[in-house]
Amino acid sequence: MATTDLTALSAAQAVEAIGRGDLDPTELFEAYRQAATREDLNAYLWVAEDAPEPPAAGAPLAGVPLAVKDLFCTEGVPSQAGSKILEGYRPPYTASVVARLAAAGAPLLGKTNQDEFAMGSSNENSAFGPVLNPWDRTRVPGGSSGGSAAAVAAGCAPWALGTDTGGSIRQPAALCGIVGLKPTYGTVSRYGMVAFASSLDQAGPLTRDVTDAALLLRHMVGYDERDSTSVSFPPGEVVLPSAESLAGIRLGVPEELTGAGSEQGVGIEPGVLASFRATLELAEQLGATIETCHLPHAPHALSAYYVLAPAEASSNLARYDGVRYGLRVQDGGLLGMYTKTRSQGFGKEVKRRIMLGAYSLSSGYYDAYYGRAQRVRTKIAEDFRAAFERFDFVVTPTSPSVAFELGAKTGDPLSMYFNDYCTVPMSLAGIPAISIPNGLSEGLPTGFQLAGPAFSENRILDAAHALEQAIGFDARPGRTA
Amino acid sequence: MIDREQVLHVARLARLELTEEEVGQMSEELSNVLDHIEKIGELDLEGVPPTTHVIEVSNALRPDVVEPSLPRDVALASAPAVADGGFLVPSPQAE
């Protein structure tokens, strides 16, 4: 097979081809290694130099290589979380989920660029430069898992790992025209993931189609005693989706997130809304019933999130002090070293969030901000529970806009934060949500988000699969118009 | 609204040193974000319990068994400075 034919296969197709003996995993790895080395999107920060030994016979992922977001620790391989403070850091151990996937036969192809410490929605906060969107190189790929999304969309990786704290898998997947799944909190081990906001951080797959997302997720989930928030994935394994109908499925469309001119004029772009509505019609044709539902507290999700996530971050990032690893800047005594190291090592957005978090946790403000935000979180989780009594899934556009131009929002943090308007509520509730490609608006991909109750991944994947078949999106940039 | 003094206070708490320009910017940007966030103050949350963790897990325990951990030399390999088998830092007393 020619190299382009090899990389045209989906990951699941490649696994099958290897199983049939039609494809050599070393050749496949080499084809992707070359594509990853040649890419000019700044999607990769590190690419493997050699193809690994072929996997053991019968390894379920058959040697299909995996791109991994920079913030997963990989032994002996740079793991920098997109930050200057970790520049060149090579951890002495590997994150559980990466080790689990390697054992299943998905070897490490490369480490992908990201917003520093996963803080951002455009990948412009990386200390190693922004990632370009393969659909239009003047635009952002979304973030924070922008490198993973761009690499998969551009065919420089069969699939990739990302992390999602408030939308960091789903939003870049939407902006790059691929599939991104945030699993139920706790189902994928966080051990070895550089922490941003520990009560929200969750690893998940970025893939070309829903089947690949299911296949990768199947080998990611599982209890890990090294993560005290880890839970077993019930009831058993992730099933590859096969549904082509949505008969009997009830979809709820939350007015608070999708209503025209919702909160603060956070409008969803007309083109994005049009493609969302078109897919609702498709869903109806597939047998689903569609009704408006209510998540009364969802308009406050973003506020609660921008208290809770920075508060957790300000605590988690206290460990970067120049003592044990990473950057050290000497300046007189110990306190001077801490302060200089952190001031020179962290980028602008990270400092902003540390400040925001330290402020809301500081004496006199704790109850007004952190305490209240935790209560809002309870109400948001209750809103979803109530909605799921009447509906199988809650659906929204993934991102309010298509990919925006580089630099368009860097001067206004608040407008950047509104990218997460439709994705943050699910994160606060800890529930699973998927973004699937939903056609184009102005020549750029849009995303359709389906969210379900905790541990409903198999049902979400099935419904997403049925929709994906009906939408018939071609995931390759520039091929559909 | 978060003023200059508060910015400097929080920066000290967070062990960050800000330039004069950064202090001004931070004051403006954080004030904008906090203005938005403050809307949660309008909600009636009387009697609502706080959520610290979304999935019910209580007492995540594992058997207390001694297992090998990172060898000392591996743990120290990434350190900026090392002495006598430990991490070397400047004196806490020095200015």
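1. Confidence in chain A. The pLDDT is the predictor's confidence in each residue, on a scale from 0 to 100. For chain A, the mean pLDDT is 95, and 97% of its residues reach 70 or more. Residues 260–265 of chain A are an exception to note, with a pLDDT below 50; beyond near neighbours in sequence, this stretch has 5 contacts in the model, two residues being in contact if their C-beta atoms, placed from the backbone, lie within 7 Å. Where pLDDT is low, the predicted coordinates should not be read in detail.

2. Basis of the model. This is a predicted model, in which local features need pLDDT of at least 70 and side-chain atom pairs count only at pLDDT 80 or more, while totals for chains, interfaces and linings use all residues. Residues are numbered from 1 along each chain as its sequence is written, and chains are lettered from A and ligands numbered from 1 in the order in which they are written. The model scores ipTM 0.95 and pTM 0.96.

3. Overall form of chain A. Chain A contains 16 helices and 11 strands; helices (H or I, at least four residues) and strands (E, at least two) are DSSP runs, numbered from the N terminus. Along the principal axes, the C-alpha atoms of chain A fill a box of roughly 65 × 55 × 45 Å. Of the 481 residues in chain A, 63% are buried. A residue is buried if 20 or more other C-beta atoms lie within 10 Å of its own, exposed if 12 or fewer, and partly exposed in between, with C-beta atoms placed from the backbone. Among contacts in chain A with a separation of 6 or more, 75% join residues 24 or more positions apart.

4. Domains of chain A. Chain A is divided into domain 1 (3–244) and domain 2 (300–370), with bounds that come from an automatic or database domain assignment. The C-alpha centres of domain 1 and domain 2 of chain A lie 27 Å apart. Their contact takes 20 residues from domain 1 of chain A and 17 residues from domain 2 of chain A. The side of domain 1 of chain A that touches domain 2 of chain A has 10 nonpolar, 7 polar and 3 charged residues. Here Ala, Val, Leu, Ile, Met, Phe, Trp, Tyr, Cys and Pro count as nonpolar, Asp, Glu, Lys and Arg as charged, and the others, Gly among them, as polar.

5. The nonpolar core. A nonpolar core is a set of buried Ala, Val, Leu, Ile, Met, Phe, Trp, Tyr and Cys residues joined through C-beta atoms within 7 Å. The largest such core has 174 residues, and those with the most contacts inside it include Leu66(A), Ala150(A) and Met355(A). Helix α10 (residues 301–316) of chain A gives the largest share of this core, 10 residues. Domain 1 and domain 2 of chain A each contribute at least three residues to this core. Beyond its neighbours within four places in sequence, Leu66(A) is in contact with residues including Leu101(A), Trp159(A) and Leu161(A).

6. A loop position in chain A. Ala318(A) lies in the loop between α10 and α11 (334–345) of chain A. Ala318(A) counts as partly exposed because it has 14 C-beta neighbours inside 10 Å. The C-alpha atoms of Ala318(A) and Ile354(A) are separated by 9.1 Å, although these residues are 36 apart along the chain.

7. Form of chain B. From the N terminus on, the elements of chain B run α-α-α-β-β. The radius of gyration of chain B is 23 Å, well over the 12 Å that the globule rule gives for 95 residues, so chain B is more spread out than a compact globule. Its C-alpha trace spans about 55 × 45 × 20 Å along the principal axes, and 18% of the 95 residues of chain B count as buried. Chain B averages a pLDDT of 92, with 99% of the residues scoring at least 70.

8. The contact between the chains. In the model, 46 residues of chain B are in contact with 55 residues of chain A. Helix α2(B) gives the largest share of the chain B side, 7 residues. The residues of that side divide into 31 nonpolar, 9 polar and 6 charged. Leu70(B), in the loop between α2 and α3 (72–76) of chain B, touches Pro92(A) and Ala75(B), not counting residues up to four places away in sequence. Leu70(B) counts as exposed because it has 11 C-beta neighbours inside 10 Å.

Technical notes: Rg over C-alpha atoms; globule rule 2.2 N^0.38 Å.
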